[in-house]
Amino acid sequence: MAIFDVLKTAAKVAQEAGKIDLYGQILEVYEKLLEQQKQIVELEGVNKELREKLETKESLQYQNGAYWAVKEDASKDGPFCSRCWDVEKNTVRLKPCGNQAFHSCPECKSQFKTSPDYQPMFTSRRPPPSFI
């Protein structure tokens with residue numbers, strides 16, 4: 001960077017000229033500039049992370065007990081755990097259970113019925129009256 005080179009040159013000239021006070025001040029400015037550069041890099045990282053979370057939030061749709069990420073081409077990605085997103089803002093992909101209509105979260109262990117078309121064969125544990 002040009003400013004760092006200028007400060008190094010100025011510090012070298014001040015040191016050679018015996019201007020210790022000026023040399024010390026230039027070194028202080030150099031250190032503060034390095035600290036500010038570190039802070040800028042950290043803030044840029046935070047900014048990028050927040051932008052990604054905002055994009056994720058805008059793309060998520062709640063449907064059938066889970067979140068689905070809707071892409072620009074209208075395709076869906078997911079399902080993602082509604083509990084993990086609502087509480088922690090983490091998109092955790094749900095894993096299918098034995099039945100494809102049900103999914104579970106590997107993070108919080110929540111279970112979801114993600115298919116609206118799923119109808120159980122029996123509504124209770126007893127067989128229907130026709131089998132008795």
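Start by selecting histidine 103 and whatever touches it: beyond its neighbours within four places in sequence, histidine 103 is in contact (heavy atoms within 4.5 Å) with Pro79, Leu94, Lys95, Pro96, Cys97, Ser110, Gln111, Phe112 and Thr114. Before you go on, note that this is a predicted model, where local features need pLDDT of at least 70, side-chain atom pairs count only at pLDDT 80 or more, and totals for chains, interfaces and linings use all residues. Residues are numbered from 1 along each chain as its sequence is written, and side-chain values use heavy atoms, with hydrogens and water left out.

Stay on histidine 103 and colour its strand: that's strand 5, residues 102-104. Histidine 103 is buried, at a relative accessible area of 9%; buried means under 20%, exposed over 50% and partly exposed in between, with a 1.4 Å probe and protein chains only.

Now zoom out and switch to cartoon. You'll find three helices and six strands, and from the N terminus they run α-α-β-β-β-α-β-β-β. These are DSSP runs, with helices being H or I of at least four residues and strands E of at least two, numbered from the N terminus. Of the 132 residues, 19% are buried.

Next, select helix 2, residues 20-59, and pick out glutamate 52 in it. Is glutamate 52 buried or partly exposed? Glutamate 52 is partly exposed, with a relative accessible area of 41%.
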